[in-house]
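Student: I'm new to this one, so could you walk me through it slowly?
Tutor: Gladly; here is what we will be looking at.
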Amino acid sequence: MLTVQRLRADHADALLAFERENRAYFARSVPDRGDAYFSGFADRHRALLAEQEAGLCHFHVVLTEQGDLVGRVNLVDVAAGFAELGYRVGERAAGKGVATAAVEQVCHLAADDYRLAGLTALATLDNPASQAVLARTGFTVTGETSIGGRPALRYQRQLPGRPARSVVVPERVVAGRAQDCSADDVDHAEDDGEVAEQR
């Protein structure tokens with residue numbers, strides 16, 4: 001059984017270990033976060049918690065029944081009832097349904113706890129696993145874009161209990177940077193093993 005928990009200060013050590021353990025794995029599908037991400041992790045973690053407290057973003061860790069951190073699912077750039085979904089699942093947990101289960105849990109949190117009307121997401125064309133996760137969790141393709149020069153698709157999911165509407169993904173997100181939330185922590189949908197971004 002997986003648990004999705006809202007990011008807290010006491011997740012810092014496990015999250016840093018997760019990112020270090022999976023650095024090379026993630027770099028195969030998305031640009032590497034760089035050495036500065038790791039050397040400045042403590043400050044970055046505090047900044048993410050401040051952004052979360054301000055309501056700009058909602059960060060989550062994915063834990064196994066044993067308490068091992070195996071993934072992240074984040075909602076960034078919260079505005080006008082929408083947020084961008086991003087997630088990453090570690091190599092040991094890839095291909096086991098972790099991303100699908102965690103994304104579904106965060107979609108419920110987005111509707112019930114964060115009172116959002118809908119979510120957007122991006123996935124590169126060379127990441128069919130991520131595309132499959134988004135399709136399985138109710139996202140539909142709304143257009144084409146690029147992420148770091150790689151062709152990608154835009155997705156959107158309307159959340160239950162909220163008025164239906166469409167949203168345009170801002171260019172600042174399409175370009176791979178979230179303006180309001182720390183850009184180095186944006187993960188676009190990535191889980192090569194399962195096939196699937198944000199902080």
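Tutor: To begin with a term, two strands pair if DSSP finds at least two bridges between them. Please keep in mind that this is a predicted model.

Student: OK, how do E3 and E4 pair, parallel or antiparallel?
Tutor: Strand E3, residues 69-79, pairs with E4 in the antiparallel sense over seven bridges, and Ala79 stands opposite Phe82 in E4.

Student: And what lies between E3 and E4?
Tutor: Two residues separate E3 and E4, which form a hairpin, and Ala80 in the turn has a positive phi of about 50°.

Student: Is E4 mostly covered or open?
Tutor: Strand E4, residues 82-89, is mostly covered, with eight of its eight residues buried. Phe82, Glu84, Gly86 and Arg88 point one way, while Ala83, Leu85, Tyr87 and Val89 point the other way.

Student: Why do they alternate like that?
Tutor: Because in a regular strand the side chains alternate between the two faces of the sheet.

Student: Which strand runs parallel to E4?
Tutor: That is E5, residues 118-124, joined to E4 by three bridges, and there Thr120 is the bridge partner of Glu84. Together with helix H5, residues 98-112, E4 and E5 make a right-handed β-α-β unit.

Student: Switching topic, is Arg157 buried or exposed?
Tutor: Arg157, in strand E7, has a relative accessibility of 11%, so Arg157 counts as buried, the cut-off being under 20%.

Student: What does the side chain of Arg157 make a polar contact with?
Tutor: The side chain of Glu104 is a partner, at 3.3 Å, and a polar atom of the Arg157 side chain also lies 2.5 Å from the backbone oxygen of Thr137.

Methods: Residues numbered from 1 in each chain as written. Predicted model: local features only at pLDDT ≥ 70, side-chain atom pairs only at ≥ 80, totals over all residues. Heavy atoms only, no water. Helix = DSSP H or I, 4+ residues; strand = E, 2+ residues; numbered from the N terminus. Buried < 20%, exposed > 50% of the residue type's maximum accessible area, 1.4 Å probe, protein only. Polar contact = N/O pair within 3.5 Å; in protein donor to acceptor, adjacent residues only side chain to side chain. Right-handed = clockwise from strand over helix to strand, strands pointing away.
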